[in-house]
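Colleague: I am new to this structure and would be grateful for a close look at a single part of it. Please set that part in its wider surroundings.

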Amino acid sequence: MMLKVRNLEAGYGKLKVLRRVSIHVKQGEIVTIIGANGAGKTTLLNTIAGLIKTQSGEIMFSGKNIHGLPVERIVFYGCSLVPEGRQVFSTMTVKENLLLGGYVLKRKKMDGAVEDEIESVYSLFPLLRERKKQLAGTLSGGEQQMLAIGRALMARPSLIMMDEPSMGLAPLIVKDIFNIIYKLREGGKTVLLVEQNAQASLRIADRGYVLETGRVKLQGPAEDLLANRDVQRAYLGKDIDADNL
Amino acid sequence: MIIELFFQYLVAGITYGIIYSTVAIGFNIIYNATGIINFAQGEFVMIGGMTAVTLNAFLPLPLAIIIAVIITMVVGALIDIIFIRWIVNPSVLRMIIITIGLSIVIREIALHVWGDGVRALPYFTGNEITSLSIAGVHISPQVLWVIGVCSVVVIALNFFFSFTLVGRQMRACASNRNAARLCGINAKNIVTLSFVLSAGIGALAGCVISPITYVQYDSGTGLAIKGFTVAILGGLGNSMAAVAAGIILGILESFSIWVLPAAYKDAIAISILLIILFYRPSGLFGSREVFRLKEF
């Protein structure tokens with residue numbers, strides 16, 4: 001088991017956002033978490049990554065208890081987050097962004113691996129190679145998303161968590177991003193994907209969870225969720241009653 | 001004759017301007033890493049100067065300066081570790097009040113340790129009356145030391161921030177703290193490092209300028225006000241702009257003596273500070289868009 005979250009509760013101050021959330025992710029899977037705005041999807045990822053303090057519950061990653069550890073330690077163990085809204089270092093160049101992503105490798109005394117990893121990120125995103133000397137803030141939204149994913153990959157994570165990678169991007173770019181996520185799994189990565197674009201994310205995922213007001217409402221194989229009438233009505237925008245007429 | 005006087009004022013202005021920009025750079029380094037203004041920055045300059053004077057009594061000058069800089073760096077690290085580091089999600093106001101409090105405490109300690117006497121290091125080369133004559137302008141060799149050392153510091157800092165991994169980490173923390181942590185960077189250590197670095201730069205400046213400006217237990221306050229003005233004038237966080245802004249302020253101050261009584265010299269800096277804060281808080285060289293996104 002790559003990631004196992006049990007009865008997790010977290011939030012901001014007195015406001016509790018997550019209520020006894022339990023999810024798990026197996027090695028080599030793409031697991032997606034879908035849900036409306038404010039359901040707690042981002043909070044869940046940020047809590048696993050260590051950015052938000054856990055109030056109760058446990059988080060096991062690769063057999064280690066990472067509950068309460070600082071962010072940088074969790075990244076070191078191989079669990080990387082591509083944060084919501086990209087969050088690239090906008091005043092630094094594309095190459096510098098990637099080098100910083102490779103800091104974990106440096107800390108692991110794998111200095112030589114940094115250049116190799118940059119090459120493999122460039123081959124995954126050839127656009128980034130062309131723009132390596134450009135400031136990250138001047139990239140388009142789609143390019144910034146690629147850079148954010150590339151930066152997270154630089155740490156050679158075993159689990160990569162992505163928060164709304166398709167947010168605010170043009171439909172063609174969204175397709176590219178989802179293709180890349182699919183490719184990552186073929187390259188041996190495990191992916192935990194949070195998305196509002198339920199349709200696209202359930203298509204590439206193996207399993208899914210539906211989060212509603214901080215609770216896991218539904219879970220199961222992605223195709224089952226795609227076929228589920230409640231999911232269709234609430235998240236896929238299908239008017240079921242109209243279909244039946 | 002009037003032309004010579006003009007250049008004499010110009011050189012004096014540039015010298016003081018560079019001194020102010022060095023203090024401003026100290027402000028900027030900590031501002032970039034933490035988003036706060038460290039109001040104890042002037043005290044780093046004072047500690048550096050005072051310690052070097054004390055050590056110079058029994059050590060050769062270069063050694064005294066190096067040890068004084070190291071001691072000040074340790075003080076900077078201790079300030080962060082004891083007072084700043086453990087605060088969880090500190091508010092900007094709380095951090096600023098802490099640094100103002102610290103600056104008062106440091107001044108009082110300095111008063112007890114060194115008394116209220118005015119001290120100075122000897123001139124690095126020559127003495128008070130040596131002067132080089134360049135195109136009819138008399139320049140003290142110490143002025144060249146100030147300009148030289150500050151230029152080296154600015155160039156070295158630029159190199160450090162652009163080309164070293166640690167420098168890039170500091171910029172990453174300044175740009176986006178959480179994203180930096182997600183890259184595995186320990187943001188708290190980066191903040192400690194920023195205190196060490198700006199303490200070191202402040203102390204070095206304190207040593208180089210002390211033959212010209214002298215140093216006293218409370219001489220940090222005045223420098224901090226000037227340095228703060230320059231940092232705001234150039235645009236907070238931008239070290240290259242601070243140098244330009246420093247020289248502008250220095251020259252304005254220096255030429256103000258022509259039209260205003262010398263006693264008003266210090267009022268110039270305060271007036272500029274107020275005008276900038278009212279009309280262009282992003283500074284001369286800062287971008288308004290970026291400024292709007294900043295918390296402070």
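Modeller: Helix α2 of chain B, residues 41–56, has 16 residues and should span 22 Å at 1.5 Å a residue; its end C-alpha atoms are 23 Å apart, which agrees. The expected span is 1.5 Å times one less than the number of residues. Helices (H or I, at least four residues) and strands (E, at least two) are DSSP runs, numbered from the N terminus. This is a predicted model, in which local features need pLDDT of at least 70 and side-chain atom pairs count only at pLDDT 80 or more, while totals for chains, interfaces and linings use all residues. Residues are numbered from 1 along each chain as its sequence is written, and chains are lettered from A and ligands numbered from 1 in the order in which they are written.

Of the 16 residues of α2(B), 14 are buried, so that the helix is mostly covered; buried means that 20 or more other C-beta atoms, placed from the backbone, lie within 10 Å of the residue's own.

Leaving aside residues up to four places away in sequence, M161(A) touches several residues, among them L45(A), I48(A) and L192(A); contact requires C-beta atoms, placed from the backbone, within 7 Å.

Chain A itself comes to 12 helices and 10 strands, and 44% of its 245 residues are buried.

Key: A residue is buried if 20 or more other C-beta atoms lie within 10 Å of its own, exposed if 12 or fewer, and partly exposed in between; C-beta atoms are placed from the backbone. Two residues are in contact if their C-beta atoms, placed from the backbone, lie within 7 Å.
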